[in-house]
Amino acid sequence: MKISIVIPAYNEEENLSEVAARIKENLTGRYERELIFVDDGSHDNTQHVLRELHRQDPEIHYVALSRNFGHQSALRAGLDYATGDCIISLDADMQHPPQLLPELIGHWLAGYDIVYTQREDDEKLSWFKRSTSNAFYGLMNSLSSVSFEPGTADYRLIDRRVADVVRNSPDVELFLRGFIHWVGFRQKKVAYTPAARFRGKTKYTLRKMVKLAFNGVTSFSVRPLHLATLAGAVVSALAFSYALYALYILLFTNDAVPGWTSTLVSVLFIGGIQLLVLGIMGEYLGRLFVQSKQRPPYLVSETDGGLPVPPPRGS
Ligand code: UDP
Ligand code: MG
């Protein structure tokens, strides 16, 4: 039996050896272990530190990506290279407490295929993080057909067969959180209180969060398209009745036409709705475009010698 731990790291040089040590401390059962760090195109000394860690400890491996592909793609790279019977992913900054590892493994041994964690928000998380996170899950749930539980980030254990499903899925931009819910199997939830970031600052910029949210919504739901259609229908109905009203005024009354305000408002309103609808369609078209190019989700520039090259997707 073998347990793989996947840790995406983007500019985390100061956290790596600490997180590796804490993880190993908490993996003491009678099983093989492997730690796979994915260097997501860091600009600091992350890669150098990882090389050094591997030299000192052959259980520690690394996969370095050719540039910054983003957290989700880094996770995916880690899953592809992991060879364990189960794979646990967690952040490099120790906000995902490694003390939870034995409990996750315990549930897996008891027969669960997916053990995911739910963050119990407390003051350690910034107000900004909590509110953007809540808004994100609220939006996801109102717009999509799969349900997303708030605070379930990417600290989770998945069984080998789930990892194979992920590995073989052809999605170029995979939104793992949604995908893992979607696959089903036997799932178990574990709650935890997040720790403060060990060192450094967050690598999830607002831009990356917005991108993640867009990906999440557009890859799990066509409801925004329905909403767009609905908005179009409502606005046309309103516009049509207003046109009738205007005709009525013109034909049957002698009122003057100081209708500058109403004209302007309706033109702007209809124009705005049209742009919104076009934008929504554009988002989906963009996804199709990205997917149709079939580019790989990440490129690897270097690994340590000890990692076998994963078999090609779909095999
Ligand atoms: N991360 C990554 N690529 C990125 C951004 C982040 O691999 O482009 C990693 C980061 O190193 C960390 C994890 O994803 O291990 C979560 O990021 P972070 O802790 O900065 O996010 P937060 O906890 O603030 O949401
Ligand atoms: Mg963090």
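Predicted model: local features only at pLDDT ≥ 70, side-chain atom pairs only at ≥ 80, totals over all residues.
Biologist: Which residues is Asp 159 in contact with, leaving aside its neighbours within four places in sequence?

Modeller: Those are Cys 86, Trp 108 and Asp 113. Ile 114 is also worth a look: its C-alpha is 6.3 Å from that of Asp 159, although 45 residues separate the two in sequence.

Biologist: How do you know that Val 38 is in contact with Leu 65?

Modeller: The test is C-beta atoms within 7 Å. Leu 65 is one of the residues that Val 38 contacts in this sense, and others, including Val 6, Ile 7, Val 63 and Ala 74, are on the list too. Val 38 also belongs to the largest nonpolar core, which has 56 residues; there Val 38, Ile 7 and Ile 36 touch the most other members.

Biologist: Nice. And what are the buried residues of helix α7?

Modeller: In α7, residues 176–183, they are Leu 176, Arg 177, Gly 178 and Ile 180. They pack against α3, β5, β6 and α8. After the helix comes Gly 184, with a positive phi near 85°.

Biologist: Now the overall form. How does the radius of gyration of the chain stand against that of a compact globule?

Modeller: For 315 residues, a compact globule would come to near 20 Å, but the chain has 25 Å. Along its principal axes, the C-alpha trace spans about 90 × 40 × 40 Å.

Biologist: And what share of the chain counts as buried?

Modeller: That is 30% of the 315 residues. As for contacts between residues at least 6 apart in sequence, 86% join residues at least 24 apart.

Biologist: Last one, the ligand. What makes up the shell around ligand 1?

Modeller: There are six nonpolar, five polar and five charged residues. In total 16 residues surround ligand 1, and the closest are Pro 8, Tyr 10, Asp 40, Thr 202 and Lys 203. Strand β1 and helix α3 each supply at least two residues of that shell.

Conventions. Residues numbered from 1 in each chain as written. Chains lettered and ligands numbered in written order. Near = placed C-beta within 6 Å. Helix = DSSP H or I, 4+ residues; strand = E, 2+ residues; numbered from the N terminus. Nonpolar A, V, L, I, M, F, W, Y, C, P; charged D, E, K, R; others polar. Core = buried A, V, L, I, M, F, W, Y, C linked by C-beta atoms within 7 Å. Buried ≥ 20, exposed ≤ 12 C-beta atoms within 10 Å, placed from the backbone. Contact = placed C-beta atoms within 7 Å. Rg over C-alpha atoms; globule rule 2.2 N^0.38 Å.
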